[in-house]
Amino acid sequence: MDDSDLHNAFHDEGPGGEDTILSPRGIEAFTRKVTTTASHLAGHASNPNDNHYRNAMTQVHKSMRRPGMQRSMFSMAKTTPTDLVRSKFSTSEIQSRALSYLSDDMLKNIPEDDNSYSLFQGFSASFPELTDEGKKHRRRVSRGRKMLEESPSAPESPQHLHKLKKERSSLMHELEMLGIRKNMASSEIREIDNKIANLGGMRRIILERLAGLEQEEALLEHDIVDMEGRIDDAQVLVDEAESIAAATPIRTDEDDLVTDQDAHEFMSQSVYEQLPSASSTPSKPRRHKTVRRKSMPILHEHFDPGFNIREIKAHQDNITAMDFDVPFGTMITSAMDDTVKVWDLNAGRCIGMLEGHTASVRALQVEDNLLVTGSMDATIRLWDLSKAHYDPQGSQFGREDEEDDGMAFENADDQPVDPPEGSMDECPLFTLESHVDEITALHFRGDVLVSGSADKTLRHWDLQKGRCVQTLDVMWAAAQASVSLDTGEGSWRQTNRPASRSADFIGSVQVFESALACGTADGMVRLWDLRSGQVHRSLVGHTGPVTCLQFDDAHLVTGSLDRSIRIWDLRTGSIFDAYAYDNPVTSMSFDSRRIVSAAGEDVVKVYDKMESRQWDCGAGITEAEENRTPAIVDHVRVKEGYLVEGRQDGIVGVWAC
Amino acid sequence: MAALPHAVDAETPLKPSELKVLRDQYEKEGEMVGVQTKFNYAWGLVKSNSRNDQQLGVQLLSEIFRLSPERRRECLYYLALGNYKLGNFGEARRYNDLLLEKEPANLQAADLRRLIDDKVATEGLKGVAIISGVAIAAGVIGGILFRGKRR
């Protein structure tokens, strides 16, 4: 131990010791010279080298102090130039020393050792495995056999005992090695877990960056649309000016009266033609939309399933219907309080209120900028959302603090801003008023709109012409089916469930070209051909009113108050799959990967088709820990993993799933 | 089995094929290399007789020291041993003394200290011999010259 004291003492004294053989000044001069040489050789590494040098000098001193204590333990196989000279004059030496140099700070920070095995033990345990794995295994087996063979030969001889002991110790050794290797494996798993955690952190950071970028993108796109609108307007003005300029020179004063009349006629004609042109407005905003869709929001795809993207206090009352166009796009909600609200999902803000319906809206659908709402007042209204005055940057609300708010949610949630008055004034297109009872379901695609009403009829509308093309009487179709087939299959059947659950006569409809699917309160799903106006297939299976349905190219999925979700094969008309929940299914929606349902719970039930897995998504999971009970989810919609659910207390939750 | 290798262990080189296995494993794991694999390769290098290998081994050990705080304590010993083998006694002593400070009862570290002391003593004596030899030679020459001048 006193060695180190001496060492330290000399370390402090430096090369200036008085009792050395050489003169201290000479050594000092040597030090300086050598240090400068070294700095020339490797400039940046000079600092550590000083240290080496000092250490080396200390060693020299020490050896001079204790000349009698040397003992040779190893023969010098190689020639050993002194540490001192090497550390000062060889470039590669200096480099390697600099690379492997550890600062004093780092040396101070040495935590307690709590590893179950040392790295060296790990080395000795894994090394034979790496080099001659097969051999070892074989040896073990053969040895086992040998033991069996040889044990009866001379069981009483001392050699035998000795051998057995040797065997035991080698087996013990192997057991020890196995233990170490086991520990190694588990600690490697821990290491990987740490790496995963680190990567998770990085992922979060990048996700935030992505969110910011999408936010910027959305704003920029809005500006582009705005700019294009202005260009269009300017173009119209320029064209008008040109046409006027071209027309005026040939006009005389006498013609003026006639021209006025002409203009009048022209104007009136344009008014006359406004209805069809108005009904074809989807085409115009669609152009705008295509501009806006230059970039697709992909943020939600990177969220973990079940991540709450947003929660909006949309209404004070039950949500009665809702829909959205694209992830982070526009959402429409309607509630028992008879209001219809338009939301910007990206910013989580209300864009405006749609005024017109005199009762609450029970069914609605939005596609591009065309919104169709069906209300309890028996009317269907069409709206053009592209006519809304809305600035996504929110400057018109006098809130300038938006820039640093990457997702722009919290503010919107904390203090719901009332939408600007009259922002939706130009949106109404026209009203369809043929039904005589409340609209409970509607669906449109292209120019074909089909609505289902409590008056027990379906109406087929042509949006191009803005009028009803045909009326489909469900009761009549049911009666026809029962007469013609006489199997009872197609007839109207009263379900054994009480109708008091306020089941809508027509729970849901979906149309595609001339194909129409409709689910009714008798638990039947009827597939109609709109060209003939006939039911060409009935899907029987549900024992309660059908509340929701959706189909794609292969399957039709239906949800019913009998608590089940059924997946039908569209080609054969047979059941493809089915599952049930604890409560009646009130709403269902699916995308390419999952079927999401609202089944009278505070969570959305999600069925992952790819993994055939059921899981829950929604406020009921997280808030259960906080002893809060969120309201029952009534309505769900999912598109491309972007899930929106509406609850009985008027809150709308947006989730990634 | 001892948790730390004896100094003798570092003096027995691996076969080139064995070292290659370790290197392959190390290179296979690429950037996400595990501590154990890194150590295995580093230790194989330190055991080698080639000075370049030893230097690389010590570098890898210092990397482990930097990146895996939970392994630092035992790494002190490996670093000390590696530097001792390289002949960098200053570094070797620095690490070994630090380890002994934390674990005074560590037999391997105490052994290593003794080895370092001995090595330093013999080498230092050689140094003294060389320097004094030079001094004597200078003295002799100087004496001759001086004498010649006087004549």
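**Note on the predicted complex of chains A and B**

1. In chain A, buried residues, meaning those with 20 or more other C-beta atoms (placed from the backbone) within 10 Å of their own, make up 34% of the 657 residues. This is a predicted model, in which local features need pLDDT of at least 70 and side-chain atom pairs count only at pLDDT 80 or more, while totals for chains, interfaces and linings use all residues. Residues are numbered from 1 along each chain as its sequence is written, and chains are lettered from A and ligands numbered from 1 in the order in which they are written.

2. Chain A holds 16 helices and 28 strands, these being DSSP runs of H or I with at least four residues and of E with at least two, numbered from the N terminus.

3. As for confidence, the predictor assigns the complex an ipTM of 0.76 and a pTM of 0.55. For chain B the average pLDDT, the predictor's confidence in each residue from 0 to 100, is 86, and 98% of the residues score at least 70.

4. In chain B, helix H5 (residues 72-86) and helix H7 (residues 107-150) pack at an angle of about 25°, with their axes 11 Å apart, where axes are lines fitted to C-alpha atoms over the stretch in contact and angles run from 0 to 180 degrees between N-to-C directions. H5(B) is therefore roughly parallel to H7(B), a term for angles under 35 degrees.

5. Where do these helices meet? Tyr77(B), Ala80(B), Leu81(B) and Tyr84(B) in H5(B) meet residues of H7(B) including Leu112(B) and Ile116(B), a contact requiring C-beta atoms, placed from the backbone, within 7 Å.

Notes. A residue is buried if 20 or more other C-beta atoms lie within 10 Å of its own, exposed if 12 or fewer, and partly exposed in between; C-beta atoms are placed from the backbone. Angles under 35 degrees count as roughly parallel, over 145 as roughly antiparallel, 65 to 115 as roughly perpendicular and the rest as oblique. Two residues are in contact if their C-beta atoms, placed from the backbone, lie within 7 Å.
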